[in-house]
Amino acid sequence: MRCCLIAVLLIALAGLTPADDDEPGAPGRLIVAPNPISAYSICKILAGPEYAGRLTGHPGYTAAARWAADQFRLWGLEPAFPGGYLQPFPAPHTVLEAAEAVLYLPGATPEAPEREVRLEPNKDYLPLSFSDSGDHTAGMVFAGWGIAAPELGYDDYAGIDPKGKFVLCFRGTPDPADDRFTDHDQHRTRLRTARERGALGLVYIYEQPQMNTNGDWLAGFTPAEISYAVADKILAARSTTAKDLRDDLRRYRRPLSFDLPGRLRLRVVSRHVPDSQGYNIAAFIPGADPALRDECVIVGAHFDGCGPHLGFIYPGANDNASGSAVVMELARTMSLWPNKPRRTVIFVLFGAEETGLQGSHTFAAGLPYGMRQAAAMINIDMAGAGDGAWCGYSAALLPVVEAADAEVGLIRNKRAITRVGVRSSDFAPFFQLGIPCVSLSSTGPHLAYHEPGDTIYRINPEILGAMARLTGGIAARLADGDAVQPVP
Ligand SMILES: [Zn+2]
């Protein structure tokens, strides 16, 4: 009785929630539930101006990483690395300081003067964030998907000469179901392909420009994006539109490349820092069961965003201060559990997801940090918008996901992860190592993705809290359950 009374008091004072002992796989203990307002406060701090959009390698990222490490320390979590909570890795970065883009298009008749169309950053165009400085006025060629794959009998560059010009293309492949094109769809492959053929820059045609940090700074190369609306102005003289061209490329699965009328002036002033460092930030709660504590459950989210460019900050509140806040709020609350989980739970905030998953690859390559093995990995990427969850899962974890969701009722769509594509998140390196994974997102709409408008004002504390409860329910079951079968 006295016991019960104390439990009731604890619940009243500290927000403890008793879990249902009878439910299979339930933690069967008092738990401290994640608090939506606390998660929101963390998200707001991370998306704040002092961290400047958390571009990996940038001083704003490093300051945010130190702040997160301090929180882990204050909450009493153990540091995951021999040197503390931070795991450094090389992370060169580039900041765009100024840019200017102007189209010079032929007049309606041969006698008519050239038309000058000035483009507006973020609305009409953006340099890719790792562009070198340069000022070029040059002709343009259209090169389909920008893919040269002679081994597959496919070459968007056949019959065109990109030397000294800008290469315009779409992102994607002739056949999304054909895995043989996957490597060619990597930004780095496409950029290198254009540069090797003497192009001044690759210009992606995107429906709407979004900041893109996934690529390498290449000396003398000024890659960029333009909107469909701007591409339509260029393509008008060819009596087609960006949408029609893209549809045709998909329908016929054959190269469709040609010279474009007019010229593009692209001026970029950027600052490249080749020797900067990125950090993963990680802490753990040691497992309480001596037989299981050297197995770990990894709960992770990418901490990085797109940074400050052209006088704008890309705050990355939804992508992915929100997922980072879920991980941190779970670390805070699980550290308050009166009884510790049986397996060790590692909370990790990854750097350099946006630049190509370098942080999670670094972390996964260094496993197990004294752990015998990783029992499972849960990834959260965008958790602050919408009213439900999307879930990718390794088949072995489906029962755990369903049991956790039975308490929250949040998952609207779910699909087994069967392969890792070019648009993956930080679960990918773990999945490739054979570790069972769950990847969660809120349903969105994820408006302002990679735009200056991805601010804290778009974040809904309710969905953030619900995502934390779902993630916590999955993590608790994986950390406590007998049924988790680590992949050897
Ligand atoms: Zn993301």
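Donors to a metal are taken here as N, O and S atoms within 2.8 Å of it (3.2 Å for Na, K and Ca), and since water is not among the atoms, sites may look incomplete. With that rule, the donor residues of the zinc ion show the sequence spacing H-x16-D-x61-D. The structure is a predicted model, in which local features need pLDDT of at least 70 and side-chain atom pairs count only at pLDDT 80 or more, while totals for chains, interfaces and linings use all residues. Residues are numbered from 1 along each chain as its sequence is written, and side-chain values use heavy atoms, with hydrogens and water left out.

The zinc ion is held by His-302 through NE2 and by Asp-319 and Asp-381 through OD atoms, at 2.0 to 2.3 Å. Asp-319 in helix α7 and Asp-381 in the loop between β20 (373-380) and β21 (389-393) are 62 residues apart, and the pair links distant parts of the chain; helices (H or I, at least four residues) and strands (E, at least two) are DSSP runs, numbered from the N terminus. Asp-319 has a relative accessibility of 3% and counts as buried, and Asp-381 is buried as well, with a relative accessible area of 11%. In these terms buried means under 20% relative accessible area, exposed over 50%, and partly exposed in between, with a 1.4 Å probe and protein chains only.

A cavity is a set of points, on a 1 Å grid over the protein atoms alone, where a 1.4 Å probe fits but cannot get out, and its lining residues have an atom within 4 Å of a point. Grid points are joined across faces, edges and corners, and a volume is the space filled by probe spheres set on the points. The count comes to one cavity of 30 Å³ or more, and the largest cavity holds about 30 Å³ of space. Its lining divides into two nonpolar, two polar and three charged residues, where Ala, Val, Leu, Ile, Met, Phe, Trp, Tyr, Cys and Pro count as nonpolar, Asp, Glu, Lys and Arg as charged, and the others, Gly among them, as polar.

Side chains of opposite charge can pair when their charged atoms come close. The structure holds 23 salt bridges, each being a side-chain nitrogen of Lys or Arg within 4 Å of a carboxyl oxygen of Asp or Glu. In one of them Glu-100 pairs with Arg-267, with the closest N and O atoms 2.9 Å apart. Because Glu-100 lies in strand β5 (residues 93-105) and Arg-267 in strand β14 (residues 257-273), this pair ties together parts that are 167 residues apart in sequence. Arg-267 is partly exposed, at 27% relative accessibility, and both partners belong to a network of salt bridges that links Glu-100, Glu-116, Arg-118, Asp-135, Arg-265 and Arg-267.

Another salt bridge joins Arg-342 to Asp-289, at 3.2 Å from N to O. Arg-342 lies in the loop between α7 (317-334) and β19 (344-350) and Asp-289 in the loop between β15 (277-285) and β16 (295-302), so the pair ties together parts that are 53 residues apart in sequence. Arg-342 is partly exposed at 25%, whereas Asp-289 is buried at 19%.

The salt bridge between Glu-196 and Arg-192 (3.9 Å, N to O) has both residues in helix α4 (residues 187-196), four residues apart, about one turn of the helix. Glu-196 is exposed, with a relative accessible area of 59%, and Arg-192 is partly exposed at 45%.

Conventions
On a 1 Å grid over the protein atoms alone, a cavity is a set of points where a 1.4 Å probe fits but cannot get out, and a pocket is an open set with protein on both sides within 12 Å along at least five of seven lines; lining residues have an atom within 4 Å of a point.
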